[in-house]
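This report describes one structure in plain terms. The sequence and the model come first, and the description follows.

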Amino acid sequence: MLDYVWLIPFFPLVGFLINGLLGKKIKNEAVIGAIGTLAIFSSFIVSCMVLLEMIGLSPENRVFEKVVFPWIHSGNFKADMAFLVDPLSCVMIMVVTGVGSLIHLYSIGYMHGEEGFYRFFAYLNLFCMSMLLLVLGGNMLVMFIGWEGVGLCSYLLIGYYFHKKSAGDAAKKAFVMNRVGDFGFLIGLFTLYWWLGSNHNIWTINFTEIKAASHLLPYGGVVTIATLCFFVGATGKSAQIPLFTWLPDAMEGPTPVSALIHAATMVTAGVYMIGRMSFVFIKSPETMMVIAVVGAATAIFAATIGTAQNDIKRVLAYSTVSQLGFMFLAMGVGAFGAGIFHLMTHAFFKACLFLGSGSVIHAMHHALHKGHLHDDAQDMRNMGGLRKAMPITFLTFLVSTIAISGIPGFSGFFSKDEILWQAFANPYHGNLNYFLWATGAIAACFTAFYMFRLVFMTFFGECRINSKVKEHLHESPLVITIPLMVLGFLALIGGYIGMPKLMGMLPNYFEHWLDPVFELATEYGAAYAHHGEHSSHALEWGLMFGSVVIAVIGIGIAATMYTKNSTLPKRFTDAFPSLHRAVYNKWYIDELYDFAFVNPCKSFGQFLWKGFDVLVIDGVVNGVAGVVMGFSGIFRYMQSGLISNYAWSMAFGVVVMLGYYVFK
Amino acid sequence: METLFFLIISLVAIVSAILVVTCRNPINSALSLILTFFCLATYYVMLDAPFMAAVQVMVYAGAIMVLIVFTIMLLNIRVNASKSQSHKIVLGTIIGFFTLINTAVIVFKGRVAIPSGPLTGEIIKQQGHTELIGREMFTTFLLPFEITSILLLVAIIGAVILAKKKI
Amino acid sequence: MDMIIIPAVNFTPILPEIFLSVLAMVLLLINVFVPGDRKAYLGYLSFFGIVATGVLVGAGWGGHIESFSGSVVLDNFATFFKMIFLVAAGLAVLISDQYMEREQCNHGELYPLILFCVVGMMLMASGTDLMTIFLGLEVMSVSLYVLAGFNRSNKKSNEAGLKYFLLGAFSTGFLLYGMALTYGATGTTRIAKIAATVGQMTLPSTNIMLVAGMLLMLTGFAFKVAAAPFHMWTPDVYEGAPTPMTAFMSAGPKAAGFAAALRIFLVALPTLQVEWSQVFWILAVLTMTVGNITALRQDNIKRMLAYSSIAHAGYALVGFAAGNPTGTAGILFYMLSYAFMNIGAFAIIILVGKKGEANGNVQDFAGFGVKHPVLAVAMSIFLFSLAGMPPTAGFIGKFYLFSGAIQKGYIWLAIIGVLNSAASVYYYLRVMVYMYMKDSTEEFDWMQVTAPMALCVAISVAGSLIPGIVPSIILQFAQQAIKLI
Amino acid sequence: MSNLLSLTTFLPILGVLLLLFIPKDSKGTLRNVALATTVVTFIVSLPIMFGFQSNAEFQFVENIPWISAGPFVMRYFVGIDGISLWLVILTTFIMPIAVLSTYTAVEEKVKEYMILLLLLETGMLGAFISLDMFLFYIFWEVMLIPMYFMIGIWGGKNRIYAAVKFFIYTMVGSLLMLVALIYLYFKGVEAGFTNFGLLQFFNLQLPLATQVWLFLAFALAFAIKVPMFPLHTWLPDAHTEAPTAGSVILAAILLKMGTYGYVRFAIPLFPEAAHKFAPLIATLAVIGIIYAALVAMVQEDVKKLVAYSSVAHLGFVMLGVFAFNVEGITGGLLQMINHGVSTGALFLIVGFIYERRHTRLITDFGGLSKQMPIFATIFMIVTFSSIGLPGTNGFVGEFLVLIGAFESELRWWTIIASSGVILSAVYMLWMFQRVMFGELDNPKNQKLADLNAREIVIMVPLIVMIFVMGIYPKPFIDKMDPAIKKLVSQVRPLSMSAQKMSEAQPSLPSGHTGIEMPAGHPGMSPETDSHAAPVANPHEAK
Amino acid sequence: MENLNGYLIISAILFSIGTIGVLTRKNAIVIFMCVEMMLNAVNLTFVALSRHLGNLDGQVFVFFVMTVAAAEAAVGLALMIAFYNNKESIDVDDVNLMKW
């Protein structure tokens, strides 16, 4: 089956082509939806088979490379359309195809009746294909196809409601920010390629070959540069500081898109990429530190913003940013396995959350539509008390919320706790570890707070929606709720495959599975790891307990503020108006970017055009022409028409000529 | 003696030449020019070229100048035509002056070819200037001589075309 | 006292001249009997005469005969230039009748004058004696004075004639003085003997009399070819003269000036090449620049082409400055091509023009391209050729001229030349802009394309294009012509 | 068929002759004949493509005496190698598209238009196949004429200014090149050459000072044509004013003349000077990339925006070419073709909406996606191709350019140039968004018709090319590879440092990297890489 | 012949005066007369040189120059008459229709 690994991205491609080219003719939503879903589901099946086959192999043999066709061969440079299957990509394809299939299914219901239904499915399939290319790519360039491809699909899907200006803007913003990241990715790629090539004559961008040659890479130095560049790429794709602002805006897209792309899969590409090249990243302590710090900072930063948002999807978006921060934190502290683990669990519960919110929005929208109201269907201030109307949604949502908050027993707990523990106990960052841990813990607290704030505002309390339409609120159809239930279930149990050794109930399958991928990194990391303090089990237990407490505190605050004492939030915002405004406006980051980059660029462009291009360059060009023309005028008036002048000119010529030779 | 004569003639020639340029009245200019031509004819005699002198007087002073004077009369040009602008005179004179300097230097510094021809004063006297010229003209310079006929024909046609009242 | 025995002379070298002179005289006689509205027949007659002369001239290719005790020679150089004159004259004759008819000055004497003018030019090209050259030049000039003022009822034509005459006479003074000084320095007027004498001189360039003679002769020829600063007459005379005569003047006498100058400078004064190259270098730059730049702002198309003609003299002077076979062959080629393209352009101007030299502005060409596509294409070809765009003859010509300069090491001269060439494109394009890109309500319904006109345009198009595509057919002759000097 | 190249080149002239006999009112026939001519030309050019052997030799060579006078011998010497092959094919490929695009766009003076188009094709093909420098120059200049008329007659409001500017600007450069060309020839004559044939001049050893001047002259001419910053200002004007087909050809092919000129002439003829000036040219190229992108960003006219984007794209080409390594030059060449396809398509797209709305101002549009879904799709694909999205042609070229440049001494330039990748996304997407997204609020836009069959037929080949070249560029690269290697070897021996470096390092066989890697082997052991190294890099292996 | 330079200088002076005349006078006929004076100056040079060199070429040349002068006079005066008929003036400053 491994030889047919190319089928995995191929099915969605076929789906894309069918829906994209013929979708308009087909018209029948069921058929279109079925094609789209089947395409990705077939991939899922193949993925499962691949996974099984991989499991059947011994751990050290779990690397398989497949060249489908040669792509760019020029000079030293060789890039094939090659796929790499190893434990890491297996995890990813499973997540992508699995969650993807569910979301496709969900979309059939959610997108029902939308104009351009076929377009949506086509894009969705295209996205899956790109994402699969990304994770399966056997070299950086194939990965880059996927990398950009998912950006493209993100663009297309965010801009799905293209008649809305905000959607268009958001789409463009997403793409451009991603491009900034891509720029970093490319430079990183170039640096690595060039350095290995020129110093060791290993001209390659193949992951396996780089891995084989990675012992040649120095610690720090050029690797730091390259990895930092790669990391810039990761921040763009995974919405980390400073390139995170596109993700909340990306919520302009349909909700399944948010679930699939902006929560479960695409945004994790950065994490995946770092995991894929862990053996390179680990060689640069500086980069690792930067990653860890950026991850932690993003986690807390986005979490703070999340506390003040009213749009249900925006809260989730910031939550996503924040959770991605956790993953980066994990990568940065060398806990690659934990990061990927969190990636996976996050995919489950965040997809569930988004789909749940989609279900809510769907219902709200439906209700508002029936009532001919134009209230915002996504504003939590219009919701409340939905748990009765939408029990399944509520339940799954709640499970996922608990998971994300890090309550023991749910998937999020295992992964997040592992990250926090590693942040504290990793051997790489010395004293910085305390800060990392503290930041992560506080972020976790915020997470619990805003997630429960969300739950409380949406599902608990009184229904704040216009009473006229209250009776129109219904649970969503099965096609929507089935994915919710599946995902909710996964959010609940997904964590058990990666239980910490500490708990010892189950072996940490997940970490073992990924071991072959990351062992080299650990080996390299050992070169500069501090082996001094051996952390005790007690400490680990203590920290775990602490993090649970923190989460509970967050939940408690949320409960107090949004169920018990509903005036509290208002009082709070009144007490710190500027703080609230700042948080509500996302710390004015967008404005800052506008001020620092966008507007200067535009005005610089204007200046270059009107000022430089037209005035200076064309001015010179036309100026030369003007000067020549001016001379033309002068010469013309020398031609006075008077014979004496003409004769004078002739005589003058003679005199000068003779004079020169006579008096030479 | 000859030098003195030469100087006197030169003085006359130059003065009359200046008069050609300075006289307001074209008729006066023309008459001064005739005087210059006569001076030149004198030079030619001094240079053992009596035939040239004769032709000079006949063709130039006689034919051409008569033609010019005749035209002046015909056109009845007002004597006191407006004066030339002074800048024109100044600039013109400057150029003329430089021309003179240049040519003078050329004359003084230039190397004239070594006399190599067969003709000396005696031979000219012996054979007669006219005959010598004639012989040259009909042998060595036959073609140019023929060309002059065409030239004159063209001039005639031209003059007719341009000046005849009605063609 | 002996009889003067006229030596036996070989008339072969001047057969064409004789033929043309006789033809001219015959035409003069016939003219008396041809009524005013039939003067075209004289034109046809002279055209055929010119063609016949062309055959005669062509038959002399390859020969080398001196005659009239060294006053004249038949060689390839002369033959080539004679062909150029005949082309210019032939084309001019073709376009004359219609114009003269329109301007009501269709006097039969026109054709003999043109023919005499050609005789003069031929003598300039084949003369090997300063006297022959001088007289040839005068025959040409006197004819041209008349031709320029031929339309005597037209004030502009009058002025043109008078201006040309006064300035021409003035320049003759310098030319003559130059010849006198050369005579003084070398003791002869025979070009071959001058060459021999100068060749024996030690350091001829220090003999200021010789140098001055050379410079003054150069002045005279510079006037004829309209090189700055002796060019000032050109625009006025070209504008005022009857258009066919302008066409003729721009092609024929210019070539004749070059012919004579080439023979004198290359054959008689090769030892002074450093000096005259320097002068021509500067003259070329001045001429090109003044011509091109002034042309930029001209509206009257004749005047514009006059400035353009100055510029072209400048290009040719580039070849002259180079003074090597490449450059000089380039001059030969260029003069021939120039005759075609320039007269062709003037033919179109005549066609577009109205009585009284009206409709002669660039703006009047608006819409021409639509109404008369074929003629407009022809005009475009002429203009592109003038601008030196491949694949026209003008390009090859310039290529050889500039190559000559480069071969000689005058890179800057070539660069200035090409920059000029680029600037010149503007005003040539301007005509095309009006022809094709400006709309006009003008119907051009007064235009009559008579057969001779059409023939002239056709020949000119062929002459501007074919040498551009297969230049060898002309260039090899030019090369041989230059070799024999 | 030894004269296939000539046949291809002069077939359009045959078409012109045919057109001359068709009355000018039967527009349909005129168009069809022109189309048929270009299609036939394309078909005739196909055997060239398929028959082309992947080696570094010039193929389909014809070498006939042409001019021989004085010191000059010019020959009709044509032939193609891998570098020119694709440009020839690109030309024949674009031309039918260009002709087809004029079916409704040009209603007046159809005959003249078609004649000019065909003449232009001959000119362009001629320039690409010429191996005689003089012949090249002739074609190079000849191309100007039809283009000048196309802009000037069928152009927009400011067409005359644009046409004249285009003409004179280009002329200035090329005339200086002519001077250099002649000078070079005489240098060749001194070295014993007897004609203008290009290939022998590659072996001419010129002192550096001479090379510098000659290179500058050539470079100027080509830089104007490319156009490189700061000589680019004729381009936006020309593009904005030109009719659609004119813009398409201008962008797709004429601009390539400049870059082609560098590859074919300026660099191999004067390798040392080229090396010397590489930093300067790279700087200008990079400035061009960034500058043009910034300027494009604030354009109000779609066409002008695309025009500026051309400047940026060709900046990439220049950067790649001046990397002087196989990757860079391959990338540059691919980028040339890509740009031809993508930007040609963009101009066609602009033409489509211009035909419908008679405006190109971005603000006049908005929300067209709704009204014109097919158009929107095509537009989007082309936009992304222009941005250089992986999977489309634009990426392959751009990437190779960047990686090639990064490998060479132009590392820092590459980094700056790469940021052009961001900017290109900004301006293209912003434009796309403003035109296609948003509310369809302008009433005039509300009844726009989507693309008709003809327009789709025009676009489909381009779209196909966009993907084919993006996904499977191998055939393209394979055919051009030997020629590029040869070119690099012509240039490379002079940069000793690079050679020394590769000699000093033990190296990996470049033949099999990773492809044949057995499954399940996580990389090779360190020993294998350092020892198995008989052949270093292909530069030496040439 | 010792006095050659004297003749040559005289002719140079005459030539220059003629030039000045051409440049400063306005009357076309006078200008023409000045040109004639220049030609005569050259003639003097020719004759003097011819005598000095001992060959007759120069003198023959002079003969032809006279012919030329005559021909030019005929044509030139005819042109002036034609011009006068149109303009009622023979002033060269009135020859001003065409300029620039």
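C:P229 sits in the loop between α8 (208-225) and α9 (233-240) of chain C. Helices (H or I, at least four residues) and strands (E, at least two) are DSSP runs, numbered from the N terminus. This is a predicted model, in which local features need pLDDT of at least 70 and side-chain atom pairs count only at pLDDT 80 or more, while totals for chains, interfaces and linings use all residues. Residues are numbered from 1 along each chain as its sequence is written, and chains are lettered from A and ligands numbered from 1 in the order in which they are written.

Most residues other than glycine have a negative phi, and most peptide bonds are trans. The bond from C:A228 to C:P229 is cis. A cis peptide bond also joins D:F229 and D:P230, and D:P230 lies in the loop between α9 (208-225) and α10 (234-241) of chain D. The table gives the omega values.

| Cis peptide bond | Omega |
|---|---|
| C:A228 to C:P229 | near 0° |
| D:F229 to D:P230 | about -5° |

A:A239 is not a glycine, yet has a positive phi of about 55°. Its place is the loop between α8 (222-237) and α9 (246-249) of chain A. A:A239 is buried, with 31 other C-beta atoms within 10 Å. A residue counts as buried if 20 or more other C-beta atoms lie within 10 Å of its own, as exposed if 12 or fewer do, and as partly exposed in between, with C-beta atoms placed from the backbone.

C:S69, also not a glycine, has a positive phi of about 40°. The loop between β1 (65-67) and β2 (72-74) of chain C holds C:S69. C:S69 has 15 C-beta neighbours inside 10 Å and so counts as partly exposed.

Chain B has seven helices and zero strands. Its 167 residues include 40% that are buried. The radius of gyration, taken over C-alpha atoms, is set against a globule rule of 2.2 Å times the number of residues to the power 0.38. For chain B the radius is 20 Å, whereas a compact globule of 167 residues would have one near 15 Å. Along the principal axes, the C-alpha atoms of chain B fill a box of roughly 55 × 45 × 25 Å.

Two residues are in contact if their C-beta atoms, placed from the backbone, lie within 7 Å. Between chains E and B, 63 residues of chain E are in contact with 69 residues of chain B. On the chain E side, α1 (4-24), α2 (28-53) and α3 (57-87) each give two or more residues. α3(E) gives the most, with 21 residues. By class, the chain E side has 43 nonpolar, 15 polar and five charged residues. Here Ala, Val, Leu, Ile, Met, Phe, Trp, Tyr, Cys and Pro count as nonpolar, Asp, Glu, Lys and Arg as charged, and the others, Gly among them, as polar.

The axes of α17 (residues 411-437) of chain C and α7 (residues 159-190) of chain D come within 9 Å and cross at roughly 155°. α17(C) is therefore roughly antiparallel to α7(D). Axes are lines fitted to C-alpha atoms, for helices over the stretch in contact, and angles run from 0 to 180 degrees between N-to-C directions. Angles under 35 degrees count as roughly parallel, over 145 as roughly antiparallel, 65 to 115 as roughly perpendicular and the rest as oblique.
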